[in-house]
Amino acid sequence: MGTQECVALWIRPRSSVDAVVGEREGAIEIRLQAPPVDGAANEALRRFVAQRLGVAPRAVTIVRGLTGRHKAITVEGMAAAGVRAALLGGAPPPVS
């Protein structure tokens, strides 16, 4: 198995709602209600992405940016293009 491609995210914590709001500088912009304290925003991000993609939170891995707004994730069993399409389009990708 080769290296899995990452999906770039730009996170805005302490927002009024959890939502994907589009793209920003090539990254998917996600707003989260959770504060960036004690890993709360990272855990909220994992749960939010998992819910949007229909996977378990443990399938979502933050591979870069644990302490910043710019993050990179991988999702077990999904290609980066499928993750991007599902997050930006709102519907989960078809199961193959």
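Predicted model: local features only at pLDDT ≥ 70, side-chain atom pairs only at ≥ 80, totals over all residues.
Biologist: What is the confidence of the protein on average, and where is the pLDDT below 50?
Modeller: pLDDT is the predictor's confidence in each residue, from 0 to 100. The protein averages 91, and 90% of the residues score at least 70. Over residues 92-96 the pLDDT is below 50, and this stretch has six contacts in the model beyond near neighbours in sequence; a contact means heavy atoms within 4.5 Å.

Biologist: Which elements does the protein have, and what makes a run a helix or a strand?
Modeller: Helices (H or I, at least four residues) and strands (E, at least two) are DSSP runs, numbered from the N terminus. The protein has two helices and five strands, in the order β-β-β-α-β-β-α from the N terminus on.

Biologist: Why is Ser15 called buried?
Modeller: Buried means under 20% relative accessible area, exposed over 50%, and partly exposed in between (1.4 Å probe, protein chains only). Ser15 has 15% relative accessibility, so Ser15 counts as buried. Ser15 lies in the loop between β1 (7-12) and β2 (19-24). Leaving aside residues up to four places away in sequence, Ser15 touches Arg31, Leu32 and Gln33. Of the 96 residues of the protein, 35% count as buried.

Biologist: What does the side chain of Ser15 reach?
Modeller: The backbone oxygen of Arg12, at 3.0 Å. A polar contact is a pair of N or O atoms within 3.5 Å; within protein, one must be able to donate a hydrogen and the other to accept it, and residues adjacent in sequence count only if both atoms are side-chain atoms.

Biologist: Which residues of helix α2 are buried, and why are they said to be on the same side?
Modeller: In α2 (residues 80-89) the buried residues are Ala80, Val83, Ala86 and Leu87. They cover an arc of only 135° around the axis, which puts them on the same side of α2. The arc is that of the directions from the helix axis to the C-beta atoms. Their cover includes β1, β2, β3 (27-31), α1 (40-53) and β5 (70-75). Turned away from the buried side is a face of α2 with the exposed residues Ala81 and Gly89.

Biologist: What makes Arg84 and Glu23 a salt bridge?
Modeller: A salt bridge is a side-chain nitrogen of Lys or Arg within 4 Å of a carboxyl oxygen of Asp or Glu. The closest N and O atoms of Arg84 and Glu23 are 2.5 Å apart, so the pair qualifies. The pair links distant parts of the chain, with Arg84 in helix α2 and Glu23 in strand β2, 61 residues apart. Arg84 has a relative accessible area of 23% and is therefore partly exposed; Glu23, at 48%, is partly exposed.

Biologist: How many salt bridges does the structure hold?
Modeller: Four. Among them is Arg31 with Glu29, the closest N and O atoms being 3.8 Å apart. Arg31 is partly exposed at 30%, whereas Glu29 is buried at 9%.

Biologist: How do you know that Glu43 and Arg47 form a salt bridge?
Modeller: Their closest N and O atoms are 3.9 Å apart, and the cut-off is 4 Å, so the pair counts. Both residues lie in helix α1, four residues apart, about one turn of the helix. Glu43 is partly exposed at 31%, and Arg47 is partly exposed at 46%. Glu43, Arg46 and Arg47 are linked in a network of salt bridges.

Biologist: Why is Glu25 called exposed?
Modeller: Its relative accessible area is 74%, and exposed means over 50%, so Glu25 is exposed. Glu25 lies in the loop between β2 and β3. Phi of Glu25 is near 50°, a positive value in a residue other than glycine.

Biologist: What makes Asp38 exposed?
Modeller: Asp38 has a relative accessible area of 81%, so Asp38 is exposed. Asp38 is in the loop between β3 and α1, and has a positive phi of about 55° although it is not a glycine.

Methods
Residues numbered from 1 in each chain as written. Heavy atoms only, no water.
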